[in-house]
Each structure stands twice: as C-alpha cells, then as structure tokens.
Amino acid sequence: MKTGKIKDVLNPAVLLLSLMASFSGLASAQVLMASNTESALAENVRLPQGVIDLIIKSEPDDAGQLEACMANDGGKRIPVADLFSAQAIRLNDDGLPDYFVRPALAPYCDVFYGAQLFRYWFVTTHRHKGKISYRIVFKAGGDEVRVLNHRTKGYRDLELVGHNAVKVATSSWRFDGKKYVIAGCILRNADPADTHTSQC
C-alpha cells in the first residue's frame with residue numbers, strides 16, 4: 001500500500017465517516033419485525049410451556065406481582081400464558097423456531113411495563129439428542145425493538161429505541177458468538193425538526 005493511501009486510512013475524518021457509514025448501514029437495514037409499547041404483534045403465537053417457564057424463572061423478583069395479575073379477574077384466575085404475547089421469528093438459521101416474547105396488552109400486567117416502555121425477551125430453541133430446550137439470548141426493556149435482516153455471527157442484528165421528552169436513543173446490537181453486545185448508539189432530539197445527532 002502506498003504511503004498516501006495509509007495516511008488516508010488513518011485520517012480521523014475518514015475513520016469517522018467509515019464508522020458512521022457502518023452504523024447507518026445497520027440503521028437502514030430492512031426491519032423484519034418491530035414491536036413497541038402500545039402495539040399488538042402482527043402474528044401472535046401460542047408459546048410452548050417451556051418458554052413461559054423459562055421467562056418466569058428468569059424474573060424471580062416479579063413472582064408476587066405476577067401472581068397478583070393472574071388473580072386479578074374477579075375471582076377467575078388468568079392463565080399465566082395469557083399475560084404474554086409472542087411472535088415466531090428466525091434469529092438464526094438452525095431450522096428451529098425462535099420467539100420474540102413481550103407482555104400482552106390485554107390482560108394487562110403492570111409488572112412488565114413502565115413509563116412508555118415494556119419488557120421483552122428473545123428466546124431460541126435448541127435440540128440435543130432429541131430433547132428440546134430453550135435459552136433467553138437477549139432481554140431488555142424500552143419503547144421499541146426491531147429485528148433486522150442483517151446477521152452477525154449467524155444471528156439477526158437488533159435495534160433498540162428508548163426516549164424521554166427530550167432525547168431519543170437508538171442502539172444497535174450484534175451477536176458476538178455467545179451473546180448480544182452493543183455495537184453503536186445514536187442520540188437525537190425528540191423534536192423531529194431538530195436533525196442534530198450525536199453518539200450516546
């Protein structure tokens with residue numbers, strides 16, 4: 001490589017443009033599925049009991065409030081499965097179903113909601129020697145989450161959106177071979193007329 005080319009690559013402006021192009025490429029990737037606090041899923045599927053059990057086990061601090069939600073129907077007990085809504089997705093290409101799980105809009109259980117945010121879980125299916133098991137590969141909470149068509153190390157990339165009255169943060173997440181890690185974050189003003197952005 002010629003010296004001039006090396007200087008171009010090491011130029012801070014060129015490096016910044018490359019980083020921004022990489023992030024904007026993710027941001028403009030096709031959205032395969034999206035969910036936000038107040039919208040029902042386009043395709044709701046009945047979850048396997050193993051997925052429900054895994055999610056409840058992963059949230060031990062919520063057991064009391066979850067029990068109250070199940071009993072909150074005038075004496076008629078609500079099945080725990082009814083408190084969740086799910087969509088089958090393909091996070092990877094292993095041929096097994098994966099699930100995006102969120103709290104149902106109705107019946108509403110406030111343990112899974114906050115001020116303009118909801119909690120959610122991405123669950124993968126695994127088969128070993130004929131036995132099926134499930135794993136939560138990512139869980140978070142926010143205003144919106146998107147599954148993108150782009151893959152990193154075999155898993156779909158994710159975008160998370162959170163905001164308050166003043167700022168909107170959009171973060172991108174990629175699979176590193178073991179777990180999802182943050183790959184970038186853009187902060188912008190909530191006012192759409194203000195197009196200024198910065199790194200989170």
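Predicted model: local features only at pLDDT ≥ 70, side-chain atom pairs only at ≥ 80, totals over all residues.
Student: Is aspartate 143 buried or exposed, and how far away is the nearest side chain of opposite charge?

Tutor: Let's take the general idea before the case. Side chains of opposite charge can pair when their charged atoms come close. Aspartate 143 is buried yet has no salt bridge, and the nearest side chain of opposite charge, arginine 146, is 10 Å away.

Student: Which residues does aspartate 143 touch, not counting those up to four places away in sequence?

Tutor: Aspartate 143 touches Ser35, Asn36 and Thr37, then Gln116, Leu117 and Phe118, and also Val161, Gly162 and His163.

Student: Let's move to helices. Which residues of helix H3 are buried?

Tutor: An α-helix has 3.6 residues a turn, so residues three or four places apart point the same way. In helix H3 (residues 49-58), the buried residues are Val51, Ile52 and Ile55. These residues lie on the same side of H3, because they cover an arc of only 100° around the axis.

Student: What do the buried residues of H3 pack against?

Tutor: They pack against four strands that you can pick out in the model: E2 (84-89), E3 (98-103), E5 (117-128) and E6.

Student: What does the side chain of serine 85 make a polar contact with?

Tutor: Serine 85 lies in strand E2 and is buried, with a relative accessible area of 10%. Its side chain makes a polar contact with the side chain of asparagine 44, at 3.0 Å. Leaving aside neighbours within four places in sequence, the contacts of serine 85 include Leu41, Phe100, Val101 and Arg102.

Student: How many salt bridges does the structure hold?

Tutor: There are nine salt bridges. In one of them, aspartate 82 pairs with arginine 46, the closest N and O atoms being 3.3 Å apart. That pair links distant parts of the chain, 36 residues apart: aspartate 82 is in the loop between helix H4 (63-70) and E2, and arginine 46 is in the loop between strand E1 (31-36) and H3. Aspartate 82 is partly exposed at 28% relative accessible area, whereas arginine 46 counts as exposed at 61%.

Student: Which residue meets arginine 119 in a salt bridge?

Tutor: Arginine 119 meets aspartate 62, with 2.5 Å from N to O. This pair also links distant parts of the chain, 57 residues apart, with arginine 119 in strand E5 and aspartate 62 in the loop between H3 and H4. Aspartate 62 is buried, with a relative accessible area of 11%.

Student: Which residues are linked in a network of salt bridges?

Tutor: The network links Glu59, Asp62, Arg119 and Lys139.

Technical notes:
Residues numbered from 1 in each chain as written. Heavy atoms only, no water. Buried < 20%, exposed > 50% of the residue type's maximum accessible area, 1.4 Å probe, protein only. Lys, Arg positive; Asp, Glu negative; His and termini not counted. Salt bridge = Lys/Arg side-chain N within 4 Å of Asp/Glu carboxyl O. Contact = heavy atoms within 4.5 Å. Helix = DSSP H or I, 4+ residues; strand = E, 2+ residues; numbered from the N terminus. Arc of directions from axis to C-beta. Polar contact = N/O pair within 3.5 Å; in protein donor to acceptor, adjacent residues only side chain to side chain.
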